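Me: I would like to go through the pockets of this protein, one at a time. Please take the structure below as the starting point.

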Amino acid sequence: MDRRGFLKVIGGGLSVAIAPSLITQTLRAEDGRLYKTYNKVALVDSKGKAIKASSLQKETNYIFAYPFLGTPVLLVDLGEPTQKDVKLKDEKGQEYIFKGGVGKNNSIVAVSAICQHNLTHPTKDESFFSYVKRGQKSMAAKNGGVFLCAAHMSVYDPKAGGKVVSGPAPQPLANIILEIDKDDNLYAVGVLGSDKFHDYFKAFKREFKKSFGSWRKAKEEVQEKTTVSLLKEYSKDIIVY
Ligand code: FES
């Protein structure tokens with residue numbers, strides 16, 4: 001399905017054509033997935049060159065903005081396949097399905113790096129939110145291989161669509177839907193699961209004014225391409241307890 005074009009939702013025998021301008025609204029497909037479609041955006045490096053899926057370093061935190069200029073995403077090649085068709089539920093009980101990672105090994109995932117507990121997210125100064133490698137010890141994530149928010153120790157399973165493993169987070173992380181073209185180039189196309197974008201933009205109004213010049217700018221949708229950086233170069237300090 002070309003998500004940039006018209007999208008047809010069929011339910012109860014009805015067909016509804018939805019204009020692209022309305023596609024950002026929440027849509028629930030027949031198979032129970034909860035997803036939102038946004039602009040199809042190419043993942044590029046600092047020189048504007050397309051990021052190849054096979055060029056990602058394994059178990060390394062990358063960061064990019066999507067679907068809005070002010071919303072950070074973590075991108076990780078887990079080095080091992082994810083689970084497939086994982087049934088998840090958001091805090092309101094809405095069900096959806098995580099289909100699995102992308103790439104040859106189904107090992108590449110991207111999640112909204114806004115913690116579902118209290119909106120902690122990476123900043124230029126520090127990141128309390130990161131993927132912790134397998135074998136890396138931490139207080140909350142004994143054997144690593146998880147997304148960890150070290151603010152209050154929420155642990156999420158990246159192989160199971162960001163499902164909560166432990167800690168106070170009330171629902172799974174929102175997943176960024178990725179696509180790979182025939183030349184191995186990566187794109188972000190939408191968001192799966194419940195996000196906290198509304199609360200996040202409300203809570204950090206002052207910060208957005210400082211970093212983007214205006215709150216409205218931070219809320220603009222990313223267009224065409226988004227720059228991918230290493231989290232360790234984006235944030236001065238990655239905090240893992
Ligand atoms: S903000 Fe992430 S665990 Fe509390």
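This is a predicted model: local features need pLDDT of at least 70, side-chain atom pairs count only at pLDDT 80 or more; totals for chains, interfaces and linings use all residues.

Me: How much space lies in the largest pocket?
Reply: The largest pocket is lined by 26 residues. Pro122, Thr123, Lys124, Ser211 and Tyr234 are the lining residues nearest its centre. The space in this pocket comes to about 740 Å³.

Me: Which element gives the largest share of the lining of the largest pocket?
Reply: Elements that give two or more residues to this lining are β5 (62-65), α2 (205-212) and β17 (225-227). The largest share is five residues, and it comes from α2.

Me: What volume does the second largest pocket have?
Reply: The second largest pocket has 21 lining residues. Nearest its centre lie Lys36, Asp195, Lys196, Phe197 and His198. Its volume is about 440 Å³.

Me: Which element gives the most to the lining of the second largest pocket?
Reply: Two or more residues of this lining come from each of β4 (34-44) and α1 (197-203). With five residues, the element that gives the most is α1.

Me: How many charged residues are in the lining of the second largest pocket?
Reply: Six residues of this lining are nonpolar, and six are polar. Asp and Lys count as charged, and Lys36, Asp195 and Lys196 are among the residues nearest the centre. The charged residues of the lining number nine.

Terms used. Residues are numbered from 1 along each chain as its sequence is written. Side-chain values use heavy atoms; hydrogens and water are left out. On a 1 Å grid over the protein atoms alone, a cavity is a set of points where a 1.4 Å probe fits but cannot get out, and a pocket is an open set with protein on both sides within 12 Å along at least five of seven lines; lining residues have an atom within 4 Å of a point. Grid points are joined across faces, edges and corners, and a volume is the space filled by probe spheres set on the points. Helices (H or I, at least four residues) and strands (E, at least two) are DSSP runs, numbered from the N terminus.
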